[in-house]
Amino acid sequence: MQDRHLFEYAVVRVVPRVEREEFINVGVVVYCAKQKFLKMTYHLDRERLLALSKDADVEMIEQNLQSFQRIAAGGKDAGPIGELDAPSRFRWLTATRSTVVQTSKVHPGFCVDGEDVIGKLYTQLVLQE
């Protein structure tokens with residue numbers, strides 16, 4: 001039997017008008033220390049976003065989501081935060097913030113494969129809302 005490893009995840013949300021607290025789930029960020037796995041995946045449904053807020057700055061939101069993805073991947077092209085270790089990057093990505101791109105609270109689980117679990121969570125929490 002394969003070992004199951006503790007992982008943590010958060011749902012990535014877009015809150016186009018922070019004062020209204022309305023959001024759409026657009027992605028998932030998953031961290032598994034044992035597998036040295038940290039990844040963020042997303043899809044921004046522009047029509048849905050504009051239905052929620054016709055004045056949403058779609059390009060700026062897309063850029064912010066791409067930044068989240070680069071930070072999760074790590075490396076110099078993700079700026080100073082991208083050069084931190086994976087646990088620090090995950091904590092930065094999931095920190096509470098009052099911005100257009102936010103994350104849910106962090107939730108734990110057990111997995112065999114981080115890539116498999118991020119796909120399942122993405123399908124369940126983003127695509128099937």
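Tutor: We shall take the salt bridges in turn and look at the exposure of their residues.

Tutor: This is a predicted model, in which local features need pLDDT of at least 70, side-chain atom pairs count only at pLDDT 80 or more, and totals for chains, interfaces and linings use all residues. Residues are numbered from 1 along each chain as its sequence is written, and side-chain values use heavy atoms, with hydrogens and water left out.

Student: How many salt bridges are there by this rule?
Tutor: The count is six, where a salt bridge is a side-chain nitrogen of Lys or Arg within 4 Å of a carboxyl oxygen of Asp or Glu.

Student: What does arginine 46 form a salt bridge with?
Tutor: Its partner is glutamate 59, at 3.0 Å from N to O.

Student: Which helices are those residues in?
Tutor: Arginine 46 lies in helix H1 (residues 46-52) and glutamate 59 in helix H2 (residues 58-73), so the pair ties together parts 13 residues apart in sequence. Helices here are DSSP runs of H or I, at least four residues long, numbered from the N terminus.

Student: Is arginine 46 buried, partly exposed or exposed?
Tutor: Arginine 46 is partly exposed, at 36% relative accessibility; buried means under 20% relative accessible area, exposed over 50%, and partly exposed in between (1.4 Å probe, protein chains only). Glutamate 59 is also partly exposed, at 46%.

Student: Turning to helix H5, where do aspartate 116 and lysine 120 lie?
Tutor: Both are in helix H5 (residues 114-127), four residues apart, about one turn of the helix.

Methods. Helices (H or I, at least four residues) and strands (E, at least two) are DSSP runs, numbered from the N terminus.
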